[in-house]
Amino acid sequence: MLRVNALPGVPRWAALAAYAVPLITLPSGLWRVALVAGLPVAGEPVGTGWGVLYVLSLTVVSEALALLTLGLVQPWGENVPRWIPLIGGRTVRPLAAVIPALLGAATLFGLCGWVGYLQTSNVAAGGITNSAAQQALLVACYAPLLAWAPLLTLAAIAYYRRRTTALPVQAGEPACP
């Protein structure tokens, strides 16, 4: 069975959701790297200079944001690592992680809707690919991104529940200190 490294108390489904996010963003990043490298994945190669910088920056930023999802199931999502200046060692307040995660998920849901609308309204106008093989590769690399928003939402909700639920009272202990 697949072993997932997560904090105790993290539901297995939440850990799997958090670990899936960086993996589902990887194919689109690799497609963009192939585009910049000049491989025939699109009709027109990316120009030089700013276009290359933009495409590579988009790849790095999207993968970095996807990797932040792991903080919802890892110790560094509850306590800031000590090596971070000024705030290292402090406890992360649950809403400080959950609000950005849910805002990110809402943004991703919106982007999926916007891109879906653009794709359906511009079908006859052509796209960035020249062949059916390029189109199939593009879809195969970008379709997994549709799961990013729901997986991030699930991981954020599990994080919030785990961090805000009161600890159960042990037998023999008073309910109020």
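A salt bridge is a side-chain nitrogen of Lys or Arg within 4 Å of a carboxyl oxygen of Asp or Glu. That was my starting point.

**Ground rules.** I'm working with a predicted model, where local features need pLDDT of at least 70, side-chain atom pairs count only at pLDDT 80 or more, and totals for chains, interfaces and linings use all residues. Residues are numbered from 1 along each chain as its sequence is written, and side-chain values use heavy atoms, with hydrogens and water left out.

**Entry 1: the salt bridge.** How many salt bridges does the structure hold? I found one. Its partners are Arg 162 and Glu 78, with the closest N and O atoms 2.2 Å apart. Arg 162 sits in helix α5 (residues 148-164) and Glu 78 in the loop between α2 (50-68) and α3 (94-121), so this pair ties together parts 84 residues apart in sequence. For the record, helices are DSSP runs (H or I, at least four residues), numbered from the N terminus.

**Entry 2: around Arg 162.** I then listed what Arg 162 is in contact with (heavy atoms within 4.5 Å). Leaving aside neighbours within four places in sequence, I got Leu 7, Gly 9, Val 10, Leu 72, Val 73 and Glu 78. I also looked at Gly 9: from Arg 162 it is 153 residues away in sequence, but 7.2 Å away in space, C-alpha to C-alpha.

**Entry 3: helix α4.** Next I went to α4, residues 132-142, and noted its buried residues: Gln 134, Leu 138 and Cys 141. Why are they on the same side of α4? They cover an arc of only 70° around the axis, and that puts them there; the arc is taken from the directions from the helix axis to the C-beta atoms. A reminder to myself: an α-helix has 3.6 residues a turn, so residues three or four places apart point the same way.

On the face turned away from the buried side I found the exposed residues Ala 132 and Ala 133. The cover over the buried residues of α4 includes α1 (12-36).

**Entry 4: Gln 134.** I checked Gln 134 on its own, and its relative accessible area is 12%, so it counts as buried. Not counting residues up to four places away in sequence, Gln 134 touches Pro 40, Val 41, Ala 42, Gly 43 and Thr 129. A polar atom of the Gln 134 side chain lies 3.2 Å from the backbone oxygen of Pro 40.

Methods. Helix = DSSP H or I, 4+ residues; strand = E, 2+ residues; numbered from the N terminus. Buried < 20%, exposed > 50% of the residue type's maximum accessible area, 1.4 Å probe, protein only. Polar contact = N/O pair within 3.5 Å; in protein donor to acceptor, adjacent residues only side chain to side chain.
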